[in-house]
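Thanks for coming. I have one model to go through today, so please have the sequence and the structure open.

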Amino acid sequence: PPPPPPPVKKPMFAFGAKKEVAPPPPPPPRDDDDVEGASARAHDQRRTYGDIAASFSLMGWTAFGGPAAHVGLFNKTFVRDAARPWMSQGVFSELLALGQCMPGPTSTQMSFAMGITQRGALGGVLSGGLFQYPGLILMTLGGAGAAEVLVNPGGIFSAFTAGVSVAGAVLVVSAGDSLARSQAKTPTTKALCALSAVVSYYYATAWLFPTLIAFGGCVTVFEAHQREKRVKKLDANADASANASASADADADAEDAPS
């Protein structure tokens with residue numbers, strides 16, 4: 001019998017051949033029930049009034065060190081080290097920035113804001129009230145019954161208050177380091193943090209803090225604008241390169257096509 005014909009070798013590159021790509025499948029129709037279900041699940045993940053009470057009832061008695069230490073404690077307890085975070089780090093940063101821009105102690109404002117994010121105004125009253133009432137009771141009792149001791153303290157009491165002051169300073173330093181690490185993540189924000197710390201340490205005026213806040217906001221807005229311009233420029237260059245490559249491929253296909 002005659003030998004079989006040799007196999008036909010396919011060319012490795014087929015110029016001018018275009019591979020047909022199937023169009024992607026259409027997206028599934030949007031179901032309003034799915035949207036409502038996701039919203040309901042997110043609503044159910046909020047903490048209950050019992051959770052808020054359990055979290056803040058003891059914290060009001062054990063939170064020392066002033067507003068900076070309190071904010072750091074909130075960040076560690078409810079966001080960073082929480083098994084089920086109450087909110088994202090971004091939301092916490094926005095609340096912190098809003099509190100810094102408002103007059104008054106930021107820790108007091110944050111204590112109410114933490115409950116508001118979970119159960120609205122009633123949740124805020126619950127969390128803020130539980131966080132504030134221990135200080136109210138202790139300061140009232142101290143002012144009413146220990147006025148003479150506070151004005152003319154003895155040796156033992158002076159030693160005790162000195163130790164408490166040192167512990168409070170350590171808590172403030174620890175909270176400041178924690179907040180700086182969680183908020184200042186870019187070279188610009190780190191530089192702003194260091195500059196603000198140095199300026200506020202050497203200058204104590206009423207207009208200083210609003211000026212630092214406004215200056216930091218202007219710098220970060222300018223940086224974001226420049227970053228957006230760079231991204232648009234890179235996208236434009238990538239589009240131009242893609243169009244040039246497509247045009248070159250089309251010219252090559254036209255030359256390889258039979259006349």
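Predicted model: local features only at pLDDT ≥ 70, side-chain atom pairs only at ≥ 80, totals over all residues.

Residues are numbered from 1 along each chain as its sequence is written, and side-chain values use heavy atoms, with hydrogens and water left out.

The protein has 9 helices and 0 strands, where helices (H or I, at least four residues) and strands (E, at least two) are DSSP runs numbered from the N terminus. Of its 259 residues, 19% count as buried, meaning under 20% relative accessible area, with exposed being over 50% and partly exposed in between, for a 1.4 Å probe and protein chains only. Contact means heavy atoms within 4.5 Å. Among contacts between residues at least 6 apart in sequence, 59% join residues at least 24 apart.

Now the helix pairs. Two packed helices are described by the angle between their axes and the distance between the axes. Axes here are lines fitted to C-alpha atoms, for helices over the stretch in contact, with angles from 0 to 180 degrees between N-to-C directions.

Take H2, residues 49–62, and H3, residues 67–80: their axes come within 13 Å and cross at roughly 150°. H2 and H3 are therefore roughly antiparallel, the word used for angles over 145 degrees. Ser55, Phe56 and Met59 of H2 meet Leu73, Phe74, Thr77 and Phe78 of H3. By class, that contact has 5 nonpolar, 2 polar and no charged residues.

The second pair is H4, residues 89–100, with H7, residues 155–183; the axes come within 11 Å and cross at roughly 115°. On the H4 side the contact uses Gln89, Phe92, Ser93 and Leu96, and on the H7 side Leu179, Ser182 and Gln183.

Next, where does Gly65 lie? Gly65 sits in the loop between H2 and H3. Gly65 is partly exposed, at a relative accessible area of 29%. Its C-alpha atom is separated by 4.3 Å from that of Gly168, 103 residues apart along the chain. Leaving out residues up to four places away in sequence, Gly65 touches His70, Gly168, Leu171 and Val172.

Last, the annotation. An unreviewed UniProt entry lists residues 201–222 as "transmembrane region"; such annotations may be inferred rather than shown by experiment. In the model, residues 201–222 are 77% helix and 0% strand, with the end C-alpha atoms 26 Å apart.

Conventions: Parallel < 35°, antiparallel > 145°, perpendicular 65-115°, else oblique. Nonpolar A, V, L, I, M, F, W, Y, C, P; charged D, E, K, R; others polar.
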